[in-house]
Amino acid sequence: MRKTLALALLAGMTISIGCVVNLRVGGVAGAVLFAFGLTTVVYYGLKLYTGTAGFIRRHGDWTMLAVVLIGNIIGCGLTAWLISYAQPDCVEPAAKILQGRLDKGPWACLLLAVGCGYIMTTAVEFARQGKMLPLLLGVPVFILCGFAHSIADAFYFLVSPADIVLSPAVLLVYVAEVVGNFIGCNLYRWTLFCASPKAGE
């Protein structure tokens, strides 16, 4: 599990890089450049929650998934701590994202996270088959749709001012996003079942 934790920590830091460029550039360009984070995760075989949650098959995988999530959050936290000091102009736009999530509330964030999870697992599944275009398109699609990525939001939340982050409402919203991502990441199974020849018989 130590290797899994290390790979998850690196994945969190890598996704955080995508978050930083998105905060500093914004718009379509920022959303497109964010894709560097996910393509790096896939290329190096790092462990990302949204790239793992849709492929749970064995009983033991649940412990591994928890380790991945924790490692991702730690990686985001370390990067957020460094960025808040070295690149303080990222704090305000990150706080706006956090406030936007709080304004929507946990149920809306759960639904938005489902959409993100579906896109991410689909993109990773294509990437595993050597088809990288869906991976490059999937990231800007979920960002521009306003969908919630629990690991990216871990960075946005943790780089925000502490007085906002420590609110109990933040934890509720974040848990909703984690659950929503998990649901969305596993929707592809239903999609494949419905598209199979036997399903149409």
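Reply: Angles under 35 degrees count as roughly parallel, over 145 as roughly antiparallel, 65 to 115 as roughly perpendicular and the rest as oblique. This is a predicted model, in which local features need pLDDT of at least 70, side-chain atom pairs count only at pLDDT 80 or more, and totals for chains, interfaces and linings use all residues. Residues are numbered from 1 along each chain as its sequence is written, and side-chain values use heavy atoms, with hydrogens and water left out.

Me: How are helix 7 and helix 8 oriented to each other?

Reply: Axes are lines fitted to C-alpha atoms, for helices over the stretch in contact, and angles run from 0 to 180 degrees between N-to-C directions. The axes of helix 7 (residues 106–128) and helix 8 (residues 133–145) come within 8 Å and cross at roughly 170°. The two helices are therefore roughly antiparallel.

Me: Is Ser150 buried or exposed?

Reply: Buried means under 20% relative accessible area, exposed over 50%, and partly exposed in between (1.4 Å probe, protein chains only). Ser150 has 0% relative accessibility, so Ser150 counts as buried.

Me: Which side chain does Ser150 join in a polar contact of 2.7 Å?

Reply: A polar contact is a pair of N or O atoms within 3.5 Å; within protein, one must be able to donate a hydrogen and the other to accept it, and residues adjacent in sequence count only if both atoms are side-chain atoms. At 2.7 Å, the partner of the Ser150 side chain is that of Asn181.

Me: What share of the 201 residues counts as buried?

Reply: The C-alpha atoms fill a box of roughly 55 × 35 × 35 Å along the principal axes. Of the 201 residues, the buried share is 48%.

Key:
Helices (H or I, at least four residues) and strands (E, at least two) are DSSP runs, numbered from the N terminus.
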